[in-house]
2 protein chains.
Amino acid sequence: MARKKQYNEEEVIEKAMYLFWRNGYENTSMQMLEKQMGINKFSIYASFGNKHGVFVESLKCYQEKTKTMFDKFKNASGGVEDIKQFFYDSVAIGYQQGFEKGCMVTNTYNEFSGSEDQIIKEQMASFMKSLKNLFIEKLKMDSTKNDETLQKQANFLVLAKHGLAAATRVNDKKEIEDYIEMTFKNL
Amino acid sequence: MARKKQYNEEEVIEKAMYLFWRNGYENTSMQMLEKQMGINKFSIYASFGNKHGVFVESLKCYQEKTKTMFDKFKNASGGVEDIKQFFYDSVAIGYQQGFEKGCMVTNTYNEFSGSEDQIIKEQMASFMKSLKNLFIEKLKMDSTKNDETLQKQANFLVLAKHGLAAATRVNDKKEIEDYIEMTFKNL
DNA sequence: TCAATAACTAAACAATCGGTTAGTTATTGT
DNA sequence: ACAATAACTAACCGATTGTTTAGTTATTGA
């Protein structure tokens with residue numbers, strides 16, 4: 001054995017996550033990461049391999065952070081009304097710390113849309129798929145809906161959620177609220 | 001007098017525009033611009049000052065390119081149905097040349113959302129404002145709608161348009177179509 | 001015809017990018 | 001107490017970023 005680490009990997013990743021969340025992958029430099037994480041490049045590379053590794057861990061950290069909200073959504077039993085609440089919760093989580101950062105998954109999805117990065121793309125696709133399935137599950141609580149309607153409405157909701165997350169970075173609370181209310185008016 | 005320019009500024013800007021449209025501002029390098037525009041860095045700087053200048057001109061070029069579609073929308077008289085058609089036209093314009101590039105204004109709006117670039121931000125804000133006013137004008141054709149409803153629905157549509165443009169980069173035609181149809185179901 | 005001048009080429013600029021490495025410091029088990 | 005070793009610092013790597021500039025080529029009016 002030898003010297004102990006002077007930092008906690010989970011702690012520094014959370015700091016890195018906020019940087020990526022706000023600025024995306026390309027617009028976050030190793031220099032910024034050093035400063036924000038409070039550790040040296042050497043330590044970053046020793047712990048996470050490379051910049052991409054820091055990003056992947058940051059994404060996991062984000063999913064951990066949003067897990068509570070997700071579980072609340074999963075375990076709820078109000079049907080469509082739960083989806084609406086989930087939309088409101090998703091928006092609220094990006095408002096923390098003054099700066100509006102949107103949804104990190106959506107930001108990543110957009111930034112990597114034209115990329116060849118299979119690791120990230122697969123993570124994103126899997127996330128979107130499970131989101132759609134969750135929506136279908138909630139929509140099914142209204143048993144009058146047939147399969148085609150379920151698919152169409154779930155597709156609509158995934159896109160609405162995606163667009164909403166993009167919009168939160170540029171629009172104000174009132175506009176966001178109007179949007180959510182209108183979205184759920186005929187579901 | 002002296003030597004003539006061996007290139008046409010409008011022609012090379014159109015080529016630059018496609019690069020920015022697809023890759024955004026930061027992910028388009030001067031090297032890529034040189035290659036795509038077919039002229040030397042010296043000529044680019046002589047004609048447009050700097051990279052930012054090339055981008056501003058590219059944005060103008062994009063607005064010129066979409067002017068036809070906009071005029072069609074302005075001059076139509078079908079109310080909400082015209083807005084829906086405008087949504088479809090907006091999506092279609094990004095599908096040209098195989099690659100899905102979304103809406104250049106929306107892409108720019110998103111990329112510069114956290115930026116300090118006042119020149120770009122003002123252009124974007126002015127664009128969004130005039131879009132909202134156009135929506136209100138079309139919505140007004142249904143005279144039963146009061147001012148509050150008009151505002152709310154216009155806000156909804158601006159966000160829906162914004163989200164739609166973001167989504168076109170990652171979703172397929174069928175999903176996009178479902179989204180547009182659902183959006184206009186209760187307007 | 002020829003000096004003036006604008007357009008061009010190509011090399012170089014400093015700054016920054018992600019990533020590496022030689023050398024120093026601290027902690028360990030023996 | 002001390003060799004072994006992991007964690008750390010800081011300088012450095014080559015490549016690329018946006019931008020500039022010295023030197024060359026082509027076209028002009030006189």
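## Helix 1 of chain B

Helix 2 (30-37), helix 4 (51-65) and helix 7 of chain B are among the elements that cover the buried residues of helix 1 of chain B. Helices here are DSSP runs of H or I with at least four residues, strands are E runs of at least two, and both are numbered from the N terminus. This is a predicted model: local features need pLDDT of at least 70, side-chain atom pairs count only at pLDDT 80 or more, and totals for chains, interfaces and linings use all residues. Residues are numbered from 1 along each chain as its sequence is written, while chains are lettered from A and ligands numbered from 1 in the order in which they are written.

The buried residues of helix 1 of chain B are B:Val12, B:Ile13, B:Ala16, B:Met17, B:Leu19, B:Phe20 and B:Trp21. Buried means that 20 or more other C-beta atoms lie within 10 Å of the residue's own; exposed means 12 or fewer, partly exposed is in between, and C-beta atoms are placed from the backbone. Helix 1 of chain B has 15 residues (residues 9-23), so at 1.5 Å a residue it should span 21 Å. The expected span is 1.5 Å times one less than the number of residues. The end C-alpha atoms are 21 Å apart, which agrees. B:Gly24 follows the helix, with a positive phi near 80°.

Chain A has 10 helices and 0 strands. Its C-alpha atoms fill a box of roughly 65 × 35 × 30 Å along the principal axes. Of its 187 residues, 36% are buried.

The largest nonpolar core has 85 residues. Such a core is a set of buried Ala, Val, Leu, Ile, Met, Phe, Trp, Tyr and Cys residues joined through C-beta atoms within 7 Å. A:Ala16, B:Ala16 and B:Tyr179 have the most contacts inside it. Leaving aside neighbours within four places in sequence, B:Tyr179 is in contact with A:Asn155, A:Phe156, A:Leu159, B:Leu164 and B:Ala167. Contact means C-beta atoms, placed from the backbone, within 7 Å.

## How the two chains meet

The contact takes 25 residues from chain B and 25 residues from chain A. On the side of chain B that touches chain A, helix 7 (104-111), helix 9 (147-167) and helix 10 (173-183) each supply at least two residues. Helix 9 of chain B gives the largest share, 10 residues. By class, this side has 10 nonpolar, 9 polar and 6 charged residues. Nonpolar covers Ala, Val, Leu, Ile, Met, Phe, Trp, Tyr, Cys and Pro; charged covers Asp, Glu, Lys and Arg; the others, Gly among them, are polar.

## The DNA strands

DNA strand C is surrounded by 23 residues, the closest being A:Ser29, A:Lys51, B:Ala2, B:Gln6 and B:Phe42. A residue is near a strand if its C-beta atom, placed from the backbone, lies within 6 Å of it. Helix 3 of chain B contributes the largest share of this surface, 4 residues.

DNA strand D also has 23 residues around it. The closest are A:Ala2, A:Gln6, A:Phe42, B:Ser29 and B:Lys51. Here helix 3 of chain A gives the most, with 4 residues.

Methods. Contact = placed C-beta atoms within 7 Å.
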